[in-house]
Amino acid sequence: MVGLIVAPLAVIALLIGAGGVWFATNAVRPTPPAAGSVRFENPLAVPPLAESHLEDGVRVFSLTAQQGRTSFVPEGDTPTLGYDGSYLGPTLVASRGERVRVDVTNDLPDTTTVHWHGMHLPAAMDGGPHTSIAAGALWQPQWTVDQPAATLWYHPHLHGRTREQVDAGLAGMFLVRDDEEGALPLPRDYGVDDFPLIVQDRSFNADGSFAGGLGMQFDGVLGDTILVNGTTAPYLDVTTEKVRLRLLNGSSARMYDFGFADGREFDLIGTDGGLLEAPVAATGVPLSPGERAEIVVSLAPGERIALRSTAPDPALHAGSAEFDVLELRAAASLTDSPDVPAHLAEVPAPDATGAVAERTFVMSGHNINDAQMDLGRADVVATVDTSEVWTVRNDNPLPHSFHVHDMQYRILSIDGSPPPARLAGYKDTIALEGGREYRLLVRFDDYADPTTPYMYHCHLLWHEDQGMMGQFLVVEPGQQPALTRPEGDTDDHNDH
């Protein structure tokens with residue numbers, strides 16, 4: 001009888017202790033300087049457009065993952081990683097219907113991968129943990145771009161070490177163009193009225209190196225300095241009446257709610273998977289790690305305005321910091337810009353009537369459905385050319401998100417209600433508030449492969465590294481899965 005009483009009491013004590021650690025440690029979360037206190041001193045770096053050439057009708061890009069040193073702070077240069085440079089990588093641009101190949105050379109002393117986040121492509125080309133690139137090796141994924149115009153990105157996805165490599169600088173954007181988006185009167189002159197903004201938070205040691213210690217933060221590594229395209233305290237000179245900002249939350253843990261210091265309204269025109277049906281008038285756009293948003297904002301000649309992050313939704317338990325990100329500086333005379341069109345793209349309402357299965361995914365601690373990631377286990381086997389309904393729930397009052405490889409899913413409902421307009425388009429990553437239930441319509445269009453899986457996981461990268469990830473195979477009707485564990489995998493989830 002005593003044993004029966006002691007065991008539940010021990011569990012209760014453990015839960016209370018864990019909750020105490022969570023709330024105590026998150027009361028002192030590392031945060032950037034308060035809004036209004038940053039002196040914007042550095043011109044924003046704009047990643048160069050990646051060069052490419054055609055080989056037998058295939059557009060070929062080259063990327064080299066390499067070590068370097070980058071000057072961020074006066075204390076000293078920071079050891080970093082980058083693609084074709086010391087930090088971050090060039091912006092790849094391809095059009096829908098093009099056949100592309102990326103020649104990826106790994107000049108790092110360690111194994112890496114390159115995952116094309118948001119891209120619809122065969123599992124063997126996806127760049128997940130099953131497709132590692134050894135030090136000194138060359139990887140040449142090739143696929144046909146087959147999705148609407150969108151702002152995508154690329155980054156490592158090495159099992160157990162994703163956070164480490166992304167935080168060191170391995171990331172870049174991949175823009176997809178198409179005829180429909182190209183016919184709209186939208187800003188699209190890269191580096192003139194159309195800018196990528198890779199937003200990250202980092203901290204620095206006394207010698208200028210990145211401070212990467214986790215401390216006791218449940219989220220992962222949080223920083224006290226904001227970088228935009230690798231620039232601290234950045235400003236952007238604007239020469240047109242309207243400017244398109246392609247926002248990427250490139251942080252490994254921090255959640256943002258982007259808006260402007262004066263509360264001005266802007267047009268949200270696109271999310272993860274491409275354009276919305278119509279622009280959404282907004283004063284803020286929340287983004288969890290890995291999410292993207294395209295916004296168009298108007299400026300008056302000569303004005304200066306700060307892009308700012310306000311406190312995330314309290315339901316996320318992701319802190320309450322408000323801080324500045326970037327200053328826009330309008331020229332004394334601005335080139336005219338056309339109005340944003342009232343209709344952007346055809347985005348049909350999601351229809352789940354033909355779904356062949358319903359599945360539930362519960363995020364809790366660092367587990368999904370009470371299981372840790374296992375590279376030798378297929379958690380879901382789906383049939384090509386079918387749809388399913390996935391219900392996702394965060395069972396903790398702690399920050400989590402949900403990212404699915406290969407596809408752009410649709411949100412059917414949130415706690416039984418239709419999603420807000422900002423979440424009504426194509427998505428591959430969403431933030432999960434504690435206790436809320438998201439019903440997603442997922443579609444396995446093509447690319448059946450019984451041997452190589454895609455991933456679904458929390459995109460707070462430390463959570464992913466700790467095993468908060470699962471795998472799904474897409475097979476032909478009647479085909480049996482044939483997944484095997486990658487050679488050399490130890491299934492070690494420890495962060496490095």
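Which residues line the second largest cavity? Keep that in mind as you open the model, which is predicted.

**Stop 1**

Select Thr271, Val285, Pro286, Leu287, Glu291, Arg292, Ala293, Arg422, Leu423 and Lys427. These residues line the second largest cavity. Its volume is about 50 Å³. Now colour two strands, β20 (284-287) and β21 (292-298). They are the elements that give two or more residues to this lining. β20 gives the most, with three residues. Then colour the lining by class. You will find five nonpolar residues, one polar and four charged.

How is such a space found? Rolling a probe the size of a water molecule over the atoms shows where empty space is left.

**Stop 2: the largest cavity**

The structure holds two cavities of 30 Å³ or more. Go to the largest, which holds about 70 Å³ of space. Select Arg254, Met255, Pro312, Ala318 and Phe323. Of the 13 lining residues, these are the closest to the centre of the largest cavity. By class, its lining has six nonpolar, five polar and two charged residues.

**Stop 3: Glu55 and Arg101**

Now for salt bridges. The structure holds 35 of them. Select Glu55 and Arg101 and show their side chains. They meet in a salt bridge, with N to O at 3.3 Å. Glu55 sits in strand β2 (residues 52-55) and Arg101 in strand β6 (residues 99-106), so this pair ties together parts that are 46 residues apart in sequence.

Are the two partners buried or exposed? Glu55 is partly exposed, because its relative accessibility is 33%. Arg101 counts as buried, because its value is 14%. The cut-off for buried is under 20%.

**Stop 4: Lys242 and Asp339**

Next, select Lys242 and Asp339. They form a salt bridge whose closest N and O atoms are 3.9 Å apart. Lys242 belongs to strand β16 (residues 242-249). Asp339 is in the loop between β23 (323-335) and β24 (357-364), so the pair ties together parts that are 97 residues apart in sequence. Lys242 counts as buried, at 13% relative accessibility. Asp339 counts as exposed, at 61%.

**Stop 5: Asp385 and Arg443**

Select Asp385 and Arg443. Their side chains meet in a salt bridge at 2.4 Å, N to O. This pair links distant parts of the chain, 58 residues apart. Asp385 is in the loop between β26 (380-383) and β27 (386-394), while Arg443 is in strand β31 (residues 437-444). Arg443 counts as partly exposed, at 31% relative accessibility.

**Stop 6: a network**

Which residues are linked in a network of salt bridges? Select Glu181, Arg188, Asp194, Arg244, Arg246 and Glu294 to see it.

**Stop 7: the annotated domain**

Finish with a record. UniProt, in an unreviewed entry, places the feature "domain: Plastocyanin-like" at residues 72-180 and 363-475. Select residues 72-180. The end C-alpha atoms of this span lie 40 Å apart. The span is 7% helix and 39% strand. Then select residues 363-475. Here the end C-alpha atoms lie 26 Å apart. This span is 4% helix and 49% strand.

Conventions:
Residues are numbered from 1 along each chain as its sequence is written. This is a predicted model: local features need pLDDT of at least 70, side-chain atom pairs count only at pLDDT 80 or more; totals for chains, interfaces and linings use all residues. Side-chain values use heavy atoms; hydrogens and water are left out. A salt bridge is a side-chain nitrogen of Lys or Arg within 4 Å of a carboxyl oxygen of Asp or Glu. Buried means under 20% relative accessible area, exposed over 50%, partly exposed in between (1.4 Å probe, protein chains only). On a 1 Å grid over the protein atoms alone, a cavity is a set of points where a 1.4 Å probe fits but cannot get out, and a pocket is an open set with protein on both sides within 12 Å along at least five of seven lines; lining residues have an atom within 4 Å of a point. Grid points are joined across faces, edges and corners, and a volume is the space filled by probe spheres set on the points. Ala, Val, Leu, Ile, Met, Phe, Trp, Tyr, Cys and Pro count as nonpolar, Asp, Glu, Lys and Arg as charged, and the others, Gly among them, as polar. UniProt positions are given in the numbering used here, feature names are shortened, and annotations may be inferred rather than shown by experiment.
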